[in-house]
Structure formats: C-alpha cells, structure tokens
Amino acid sequence: MAPPAPGPASGGSGEVDELFDVKNAFYIGSYQQCINEAQRVKLSSPERDVERDVFLYRAYLAQRKYGVVLDEIKPSSAPELQAVRMFAEYLANDSQRTQTLPCAHCIRGTAWSGECVPCSGATAWRGDGLEGMAMTVQILLKLDRLDLARKELKKMQDQDEDATLTQLATAWVNLAVGGEKLQDAYYIFQELADKCLPTLLLLNGQAACHMAQGRWEAAEGVLQEALDKDSGHPETLVNLIVLSQHLGKPPEVTNRYLSQLKDAHRSHPFIKEYQAKENDFDRLVLQYAPSA
C-alpha cells in the first residue's frame, strides 16, 4: 500500500508548520526548490528565520556550493548557522575529510552515499526530533543493526507516521529487510515522487528496490531518468556501474561511468575503495611476476 501524501501539519498537533514546504523539499532531495521556498516564505518570528536559513544553507551544501555558505554566514551569525559553516569548511577542503569533524553537531548525507541520508549538510542535533531519529536509523542500518533500526523507526512512526522523513526511514528499513518489503519500499519512493517531484534521491531509491529484486532492466530505466537530470550525480553513477555489470554491458560502458565518477568526484568513497582494490591487485601481480 502506498503511503499517504505528506501534509503541512506538524506532528500530531495539527499546527501548521510555516517551513513545511522548505523542509519537505529538502528531505526529498529537491534542493533548488528548497532554496526557492526558503527565499519566498514569510515567517512569524526571528527564531523561525534562523531555522529557515539553516535549511537554505544546507541545500546549498547539498548542491556543493560551499562558497555561498562560507561567504554569507558571518562570525556574528547564530550558533546553528555556525555549525553549517563549519561543515562547509570541512566539505570544501578535501584534506580535512580524513580528520574527525570539529563539531559533534555536524552531520551530513547524500542519496545512497557513504555518508548519511537524506540530511545533506549540517544540522543542530536534536535526538528526539525526526531528523535525529532518521539519522539514527541510517547509522544503525550501516552497522547491520536492523533490530535497533526498527525500534528507532517505531519511535518515528509514533511521533508522526505520515511525515516525509518517517516515510523515507520506513523505505530504508524495508530495503534492509528485503523480500516482500522491497516492493513496499518501492511504493514509498514512487508515491513521494508522484506527489512531490521525482528527485535524484527518490529515483535512486526506486532503482535500489528494483536491483534488490533482480529487476535490472527496470532499474536501468529509472537510472537513465536520473542521469538525464544530472549526468554527474555520484550515486546515480555508482548504481549504473553496478547495474552495467549485472546486465553484462561491454566493459567500455562500465569504464565510461567510472571515468565520469572519477572526473567529478575523485574523493567519493566508492572511488577511494576502488582505487585501493586496484592498488592491492597491482601488488599481488608483482608478487607472481616471473623472475628474470
């Protein structure tokens, strides 16, 4: 069964969230829409202004526009914005990415990457909020603690079952469960794409469901749609690399996607792991090379 369409109510109180459209666009990966909504919305208090700006600059980070964040967030800005700026400094400097983040309040994610999703950027940690719980679900799934991820998801569902983040977290857990739950996960991504926008995050989610069910041709169609939207999107390229292997595509097809990924995202976790395996293979070849 498809999930209900997300609505503007906050939690179960029925109170309308002035930033609903901004947040919802961000959560589904529609970052330019998030920016547009943030620049358009009129808010009732300075506190909401800060919250809006946090989402605005997180959306710029998700677009890899680090300079905008670094230029516009000043030393006098609110602490929440300083956390975003600190994370922009981290992202803008490849050499720092091997170091521990200097602020425990900084989290990040992109669709199906080596880091958390979908909270692209940095946010003040609120462990009892849906964002904090969604990140916890992601971490637990990466640790193969499906049992604990399910418990955290139950907390999200108790707080707001219809929220976009809860729906996304449900899809992530269903993907991890596998089996019949894969189709349930697909329906969630499909419904969100139909009701909102078919973003790269949602399209890659659909593709992941297809691939987990062995529906390689269906996955290829969805990933080609994602590639048409952004030919340099790293997670789309990673999924296409995997897909081309399963479909038995010619080696040059796989290598083409791999070259695109290397050119645009040399620091991507997939590329780092791939290069490490190439180096390991080269060392093994030398060990078995014929002696002169």
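The structure holds one cavity of 30 Å³ or more. A cavity here is a set of points, on a 1 Å grid over the protein atoms alone, where a 1.4 Å probe fits but cannot get out; lining residues have an atom within 4 Å of a point. Grid points are joined across faces, edges and corners, and the volume is the space filled by probe spheres set on the points.

Before going on, the sources. This is a predicted model, in which local features need pLDDT of at least 70, side-chain atom pairs count only at pLDDT 80 or more, and totals for chains, interfaces and linings use all residues. Residues are numbered from 1 along each chain as its sequence is written, and side-chain values use heavy atoms, with hydrogens and water left out.

The largest cavity has about 40 Å³ of space. Its lining consists of Glu-220, Gln-224, Leu-240, Leu-243, Ser-244, Lys-249, Val-253 and Tyr-257. Helix H11 (216–229), helix H12 (234–246) and helix H13 (251–264) are the elements that give two or more residues to this lining. Helices are DSSP runs of H or I with at least four residues, numbered from the N terminus. H12 gives the most, with three residues. By type, the lining has four nonpolar, two polar and two charged residues. For that count, Ala, Val, Leu, Ile, Met, Phe, Trp, Tyr, Cys and Pro are nonpolar, Asp, Glu, Lys and Arg are charged, and the others, Gly among them, are polar.

Next, the aromatics. There are seven aromatic pairs in the structure. One of them is Phe-26 with Tyr-27, an edge-to-face pair at 6.1 Å centre to centre and 70° between the planes. Rings of Phe, Tyr and Trp (its six-membered ring) pair if their centres lie within 6.5 Å; planes under 30 degrees apart are stacked, over 60 edge-to-face, and the rest tilted. Phe-26 and Tyr-27 are both buried. Buried means under 20% relative accessible area, exposed over 50%, and partly exposed in between, with a 1.4 Å probe and protein chains only. Together with Tyr-31 and Phe-55, these two residues form one aromatic cluster. Over the ring of Phe-55 sits the charged end of Arg-58, 4.9 Å from the ring centre. That term requires NZ of Lys or CZ of Arg within 6 Å of the ring centre and within 35 degrees of the ring normal.

Ala-25 is in helix H1 (residues 20–27). Ala-25 is buried because its relative accessible area is 1%. Its C-alpha atom is 8.4 Å from that of Glu-37, twelve residues apart along the chain. Gly-205, in helix H10 (residues 200–212), is buried at 0%. The C-alpha atoms of Gly-205 and Trp-172 are separated by 8.6 Å, with the two residues 33 apart along the chain.

On cysteines, the structure holds zero disulfides; a disulfide would be a pair of cysteine sulfur atoms within 2.5 Å. Cys-34 is buried, at 0% relative accessible area, and Cys-209 counts as buried at 0% too.

Last, which residue has a positive phi of about 60° although it is not a glycine? That is Asp-144, in the loop between helix H6 (130–142) and helix H7 (146–160). Asp-144 counts as exposed because its relative accessibility is 70%. Arg-64 also has a positive phi, near 65°. Arg-64 lies in the loop between helix H3 (46–62) and helix H4 (66–72), and at 35% counts as partly exposed.

Technical notes
On a 1 Å grid over the protein atoms alone, a cavity is a set of points where a 1.4 Å probe fits but cannot get out, and a pocket is an open set with protein on both sides within 12 Å along at least five of seven lines; lining residues have an atom within 4 Å of a point.
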